[in-house]
Amino acid sequence: MRCQSADASSKLILLGEHAVVYGKTALAVPLLKPRASARVVPAPAGRPAGVDLKDLEVRWDGDARDVPPAAAPFARLIALAVERFPAVPACGWELVVRSRIPSGCGLGSGAATAAAALRAVCARFAVSCAPALLSELVYEVEKLHHGTPSGIDNTVIAMGRPILYARGAAPRFLTRPAAPCFLVVGHTGRSHRTSEVVADVARARGLNPVRHDAIFDAIGRLSGPGAEAFQAARWIDLGQLMDRNQELLKDLGVSSAELDALVGAARRAGALGAKLSGAGRGGCMAALAADAVSGQRVEKALKAAGAAETFLTEVGDHAAS
Ligand code: MEV
């Protein structure tokens, strides 16, 4: 049997996390790196499809009665693929998954590994799967991680393009800016459970809906101007919107001392703007840099400020990569 590989990018929310859960518009971009990859390889003919998670050293042999927790999203994904696509056999193949995307930190690692795996399965068994269907299937898998995700992670990663996203509406694709968009990601080293942070915010909103809805409205208003600044490569304007978003996320109570320290270090090193990205309370922050040299300076400053991991990266575009 022929092997087949595919990959998927990580993602960053530049503007609008949390507010997007409440129907506001957010701006999200795929990143050139870090990425996840998956490969379909042959397995014994009668054995149900399973998964080998190389980074976690977890292997599942396809036995539905005994699924290790880390393999559960892939068990769901395999079941979905077999159910939805008659050309995908239930037995005789295995997924091998590798990812450079740290998990539980706002970079969309769950959606990216699922998208890479589905792309590899579809390519191997000659199934045509449009990005919108890929996004729908990845969302089904995402529900296992996050409960009721807004759908932004699966959409931006499956589409592979910068988008404006609002729940229940078709994503609006953004045009490629004329200049590269350099971003520096700093990982606090503390992972978070998105579902728990989202539930905490929902509880706080229940206690004070007027205050929280005003914050969500204010966050939602940043995305439109942010998209215009992004498309026109007006990085100074985009950076200022990211800074404003960080203040609002702090008001929401989802930043942390570690995130604030990395955001401060990035700004002092010349970042045009910096904010947490994803659910917050740990995970990653992102800083916008004017160019690659400035990005290197920011990355160095993040390391010196205690970032557990850093990436100097660029906004990617699956169609163009
Ligand atoms: C997670 O990447 C972003 C949140 O807005 C949750 C979601 O959109 O599902 C915190």
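**Backbone exceptions and a helix contact**

Good morning. Let me begin with Ala126, which lies in the loop between helix 2 (109–124) and helix 3; helices (H or I, at least four residues) and strands (E, at least two) are DSSP runs, numbered from the N terminus. The model is predicted, so local features need pLDDT of at least 70 and side-chain atom pairs count only at pLDDT 80 or more, while totals for chains, interfaces and linings use all residues. Residues are numbered from 1 along each chain as its sequence is written, and side-chain values use heavy atoms, with hydrogens and water left out.

Most residues other than glycine have a negative phi, and most peptide bonds are trans. Ala126, however, has a positive phi, near 55 degrees. Ala126 is exposed, with a relative accessible area of 70%; exposed means over 50%, buried under 20%, and partly exposed in between (1.4 Å probe, protein chains only).

His18 also has a positive phi, near 70 degrees. This residue sits in the loop between strand 1 (4–15) and strand 2, and His18 is buried, at 5% relative accessible area.

Next, the peptide bond between Lys33 and Pro34 is cis, with omega about 0 degrees. Pro34 belongs to strand 2 (residues 26–42).

The contact (heavy atoms within 4.5 Å) between helix 1 and helix 3 involves, among others, Leu77 and Leu80 of helix 1 and Leu137 and Val141 of helix 3. Its residues comprise 8 nonpolar, 1 polar and 4 charged, where Ala, Val, Leu, Ile, Met, Phe, Trp, Tyr, Cys and Pro count as nonpolar, Asp, Glu, Lys and Arg as charged, and the others, Gly among them, as polar. Thank you.
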